[in-house]
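Subject: Structure handover

Hello,

Here is the structure for you to look over. My notes follow below it.

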Amino acid sequence: MLARRRLLIMDRCVGKLPKEILECAASNLGCSITDEKLAIHLDQEDELQHLRDQFHIPKSKDLPSIDPALIKPEEECVYLCGHSLGLQPKKTKGYINEMLDDWARIGAHGHFHGSYPWALGDECLSERMANIVGAKKEETALMNGLSVNLHLLLLSFYKPSSSRHKILMEAGAFPSDYYAVESQIRLQGRDPKESMLLLSPAEGEEILQTKDILSTIEKEGDSIAVILFSGVQYYTGQLFDMLSITRAGHAKGCYVGFDLAHAVGNVELHLHDWNVDFACWCNYKYLNSGAGALAGAYIHEKHKSTIKPTLLGWWSHNFKSRFQMDNKLDLSPGVNGFRISNPPILLVRSLQASLEIYNQTDKKALRKKSVLLTGYLECLIKHYHLKDPDNPQKLYIDIITPSNIEERGCQLSLFSDHMQKIFLELMKRGVVADIREPILRIAPVPLYNSFYDVYRFVSKLNESLNSVSRELKDGM
């Protein structure tokens, strides 16, 4: 009867915005939105809760900078840092050890024999990866690191002319993207000051408005060779309208590509259907493959015969004749021709462990949970920590990530005065997050985070703000 009652409660709350769902569920439970009872109930209703058990979640006692007096040593930490490094799947160690055993037992025969032959290791995962980014298998490759892949793609897609030579990107792009674009422009003998078109938010705003992006493309498009945007902006957490940007760019004759480092595994992607020209991403954030993991790249199939790799290696060669070693290149079509070296099998197996977990659900289910999970976080923060004009001394939290669920993934970027002090207090209490001063980035990941994680985080955030407030008061 209890299980049936829970289902009826959630059934009555379907089809609403996160805040409305949460308020409806709390009302039916006879509690407030801030009650621990709601978090427990939401986890009981979570159809993806079993996936959490497939990850290692660090214990608070093992983290640096904790205060033993403020934690329960055997309690799991509050890990909300998947936007920086995802948690380790429990299968990862076994898969890597399996590869090491094959290497020890059969040596070079492991390329074509054993539990997971190495020569085709990357290709065995490309279809699973393609499903996550909304592409075809032949449009998707696993290779290198993100910045290396971005360079390889730009070498082929960025062919500036005297009239069309600019690369449009957001001014606050991740530094490695900025460096890559700057160096590619210089490589073509051009001046970044003339050929980098950087788009900033309007004065007084934190995020870029889609209308401003599109109007810039319309105005400057005839001089733009490549549009390169993030899928999700790493600092603000803003999810860009990739479909609209792509359509606008194509209407002006531009190539359109995306850095999906903070989007892949976080939001729904449909690269092929959106007609995106190229994209690249890392796999160690929301795809949980370990620091420095094997990265991914995509090129739309329409370019498979027209866009050629500038740099070649033996993995660019078709597999069927690759080992004939006659130095006559039989180039793999499309993105597979951009591969240069054989993939590191240890990284392949690590990625395999994560993709198998994703294979147990789908993008829509993850997105549905993500919207509610992040909405829950937003509601609790706004309940406790909105700016109070009648009490200017009170520490507050401002969320700079868009409140519109269509314009964000799971990350919320939080601003407050004295954020570094708040961050240190959170660390003492076993919270793993990420600070890019003055912003604290928090990401409840639907694959392994629970609603109770969010509840615990906000409780520890309340304690941290109280502690910092006392410190500031005592110092006055």
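Which backbone nitrogen does a side-chain oxygen of Asp-35 reach at the start of H3? The backbone nitrogen of Lys-37, to within 2.8 Å. A polar contact here is a pair of N or O atoms within 3.5 Å; within protein, one must be able to donate a hydrogen and the other to accept it, and residues adjacent in sequence count only if both atoms are side-chain atoms.

First, the ground rules. This is a predicted model, in which local features need pLDDT of at least 70, side-chain atom pairs count only at pLDDT 80 or more, and totals for chains, interfaces and linings use all residues. Residues are numbered from 1 along each chain as its sequence is written, and side-chain values use heavy atoms, with hydrogens and water left out. Helices (H or I, at least four residues) and strands (E, at least two) are DSSP runs, numbered from the N terminus.

Helix H3 covers residues 36–45. Its buried residues include Leu-38, Ala-39, His-41, Leu-42, Asp-43 and Glu-45. Buried means under 20% relative accessible area, exposed over 50%, partly exposed in between (1.4 Å probe, protein chains only). Ser-27 lies in helix H2, residues 18–29. Ser-27 counts as exposed, at 54% relative accessibility. From Ser-27 to Leu-38 the C-alpha distance is 9.6 Å, and the two are eleven residues apart in sequence.

**Packing on H13**

Take H4 with H13. Helix H4 (residues 91–106) packs with H13 at an angle of about 145°, and their axes are 9 Å apart. Axes are lines fitted to C-alpha atoms, for helices over the stretch in contact, and angles run from 0 to 180 degrees between N-to-C directions. The H4 and H13 crossing is right-handed. A crossing is left-handed if the near helix is turned anticlockwise from the far one by less than a right angle, and right-handed if clockwise.

On the H4 side, the residues are Lys-91, Thr-92, Tyr-95, Ile-96, Glu-98, Met-99 and Leu-100. They meet Ile-345, Leu-346, Arg-349, Ser-350, Gln-352, Ala-353 and Glu-356 in H13. Contact means heavy atoms within 4.5 Å. The residues of this contact divide into seven nonpolar, three polar and four charged. For those classes, Ala, Val, Leu, Ile, Met, Phe, Trp, Tyr, Cys and Pro count as nonpolar, Asp, Glu, Lys and Arg as charged, and the others, Gly among them, as polar.

Now H5 with H13. Helix H5 (residues 126–133) and helix H13 (residues 345–358) pack at about 55°, with axes 10 Å apart. That angle makes H5 oblique to H13. Angles under 35 degrees count as roughly parallel, over 145 as roughly antiparallel, 65 to 115 as roughly perpendicular and the rest as oblique. The crossing of H5 past H13 is left-handed. Arg-128, Met-129 and Ile-132 in H5 meet Gln-352, Leu-355, Glu-356 and Tyr-358 in H13. This contact has four nonpolar, one polar and two charged residues.

**Buried residues and their contacts**

The contacts below leave out residues up to four places away in sequence.

- Thr-216 sits in helix H9, residues 210–220. Thr-216 is buried, with a relative accessible area of 15%. Thr-216 touches Leu-168, Leu-197, Leu-199 and Gly-221. Leu-168 is 48 residues away along the chain, with the C-alpha atoms separated by 9.1 Å.
- His-303 is in the loop between strand E8 (296–299) and helix H12 (319–322). His-303 counts as buried, at 7% relative accessibility. Its contacts are Phe-157, Tyr-255 and Asp-277.
- Asn-336 is in the loop between H12 and H13. Asn-336 is buried, at 17% relative accessible area. Asn-336 touches Glu-138, Thr-140, Ala-141, Trp-315 and Ser-316.

**Backbone points to check**

- Glu-437 and Pro-438 are joined by a cis peptide bond, with omega about 5°. Pro-438 is in the loop between strand E12 (434–436) and strand E13 (439–442).
- Asn-144 is not a glycine, yet has a positive phi of about 55°. Asn-144 is in the loop between strand E2 (140–142) and helix H6 (146–157). Asn-144 counts as partly exposed, at 29% relative accessibility.
- Asn-327 is not a glycine either, and has a positive phi of about 60°. Asn-327 is in the loop between H12 and H13. Asn-327 counts as exposed, at 80% relative accessibility.

Best wishes
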